[in-house]
Amino acid sequence: MAAAIITKPHVLFVPHPAQGHINPTLAFAKRLASEGIKVTFIITTNLSKSAKISDCSSITIDYISDGSEEVKEPETIEAYFKRIKAVFLANLADFIQSSSASPATLVIYDSTMPWVLDIAQERGLPGAPFFTQSGAVNSIFYHLKQGSLKFPYEDSTVSLPALPTLQISDLPSLSKFMDSNQTVLKVLADQFLNLERAVWVFINTFDMLEKEVVEWMASRWPIKTVGPTFLLQQKDDKFSNQTISLFEAKHDSYKEWLDSREIGSVVYVSFGSIASLDKEQMEELALGLIKSNCYFLWVVRSSEMDKLPENFNSEKGLIAEWCNQPEVLAHRALACFMSHCGWNSTLEALSYGVPLIAMAQWVDQTTNAKFVEDVWGVGVGIRVGQNGIIGREEIAMCIEQVVGGERSIELKRNACRFKKLANEAVEYGGTSANNIQHFISKLKS
């Protein structure tokens with residue numbers, strides 16, 4: 001009698017085609033690969049032309065068109081999401097159908113693409129969404145979906161289950177992206193469209209960071225925290241250098257510059273891969289950094305360089321077009337991180353015990369900033385002036401508070417506490433590690 005053939009579990013990962021979604025999803029994918037799971041990771045053919053893929057031999061990367069190659073004129077937000085859904089959906093269905101030689105056993109997809117679950121289940125595959133934003137932010141979008149919270153926001157304060165009382169300014173900031181059909185709101189609310197049919201629901205956070213809201217969500221769906229996912233690969237040297245970057249890594253002199261600075265003396269300034277400040281705000285930020293009299297490392301994308309003040313130069317500052325952010329945050333010279341408070345950046349700062357200066361721009365960042373300052377006590381929020389611009393005095397004052405003011409000791413102490421909790425979550429026996437191991441054991445059974 002012939003021995004039974006043991007089929008290796010095969011997970012197909014489908015992230016949203018944007019850097020902030022690819023990064024945490026790839027880290028999760030590589031963790032599964034390190035445990036002997038076969039992993040296929042999908043990126044769009046358009047991104048494949050510019051993406052820098054470094055040593056991803058542990059997983060298989062495949063490419064599917066989302067139709068962007070045919071786009072010749074600037075798209076509206078609504079047209080972008082319609083194209084992604086229509087073209088990518090059809091091509092993904094064909095890809096799954098044609099992969100019969102090595103069929104997937106599960107599809108893990110970005111929560112902003114709930115229609116992936118439909119095509120997976122139509123082909124007999126279970127699906128699991130991966131939420132790349134915080135539990136708090138996701139729960140707010142759930143209430144917007146249910147209609148218990150309405151946009152435009154109506155009340156000055158909002159009380160929602162498992163969340164602190166929130167001001168309107170603390171809720172996700174959507175106006176900048178809102179069209180007549182409220183496309184962005186619909187996309188984010190529709191993350192909960194078919195969640196009851198998912199076999200697993202993963203979220204990039206950890207239990208001790210968002211205990212109340214995670215428990216509230218887990219009472220409704222099979223939520224499993226698996227974050228901070230970027231720490232998963234930090235724990236395994238074999239996988240720590242495996243990356244997919246949509247931006248060219250420019251090896252500036254920032255490493256040597258940081259090495260030459262004293263312990264806890266540098267303000268790191270970065271607003272992520274998408275946020276864009278206008279010229280007036282860039283000038284106020286530049287002058288505020290100089291006014292603080294602190295050393296600063298400021299990441300300014302090449303496309304933003306022309307917004308800097310003319311002949312801008314500071315003996316205490318270094319401008320870099322790109323930095324390896326976790327590497328910078330782990331450096332002994334770091335005093336604090338002035339950030340837009342995107343969820344990836346927030347998790348990275350918490351994981352390295354770095355206090356934050358929150359300069360939120362849009363969507364989830366305003367809510368993350370609220371938690372940074374008032375819930376976790378790991379940073380201060382910058383106040384916007386009446387003209388809609390954050391002034392140089394406000395910027396300098398916030399830096400002073402975090403770097404050397406009376407609050408700095410408490411902020412650093414709280415940040416170090418969350419660093420400990422974040423690392424415990426992903427280490428052997430931690431909540432995120434246990435959730436992943438349980439998931440893997442179910443896959444293999």
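1. Ground rules. The model is predicted: local features need pLDDT of at least 70, side-chain atom pairs count only at pLDDT 80 or more, and totals for chains, interfaces and linings use all residues. Residues are numbered from 1 along each chain as its sequence is written, and side-chain values use heavy atoms, with hydrogens and water left out.

2. Helix α12. This helix spans residues 343–351. Helices (H or I, at least four residues) and strands (E, at least two) are DSSP runs, numbered from the N terminus. Eight of the nine residues of α12 are buried. Buried means under 20% relative accessible area, exposed over 50%, partly exposed in between (1.4 Å probe, protein chains only). W343, E348 and L350 are among the buried ones. Their cover includes α8 (229–234), α11 (325–329), β15 (334–339), β16 (356–358), α13 (365–375) and α15 (408–426). Contact here means heavy atoms within 4.5 Å. Just after α12, G353 takes a positive phi of about 70°.

3. The sheet. Six strands form an open sheet in the order β14-β13-β12-β15-β16-β17, with parallel pairing. β14 (317–320) and β17 (379–381) each have a single partner strand, so one side of each lacks a neighbour in the sheet. On average, neighbouring strands are turned by 15° against each other, direction ignored. Two strands pair if DSSP finds at least two bridges between them.

4. The β16–β17 end. These two strands pair in the parallel sense over three bridges. A358 stands opposite G381 in β17. Helix α13 lies across β16 and β17, at about 125° to β17. Axes are lines fitted to C-alpha atoms, for helices over the stretch in contact, and angles run from 0 to 180 degrees between N-to-C directions.

5. T44. This residue lies in strand β2 (residues 38–44). T44 is buried, with a relative accessible area of 3%. Leaving out residues up to four places away in sequence, T44 touches P17, Y63, I64, D66 and F88.

6. Nonpolar cores. A core is a set of buried Ala, Val, Leu, Ile, Met, Phe, Trp, Tyr and Cys residues joined through side-chain atoms within 4.5 Å. The largest has 124 residues; L32, I108, L297, W298 and M338 touch the most other members. Helix α15 gives the most to this core, with seven residues. A second, separate core of 20 residues includes L92, Y109, I119 and A120.

7. M338. Among the residues touched by M338 are Y268, F271, L285, I357 and I399, not counting residues up to four places away in sequence.
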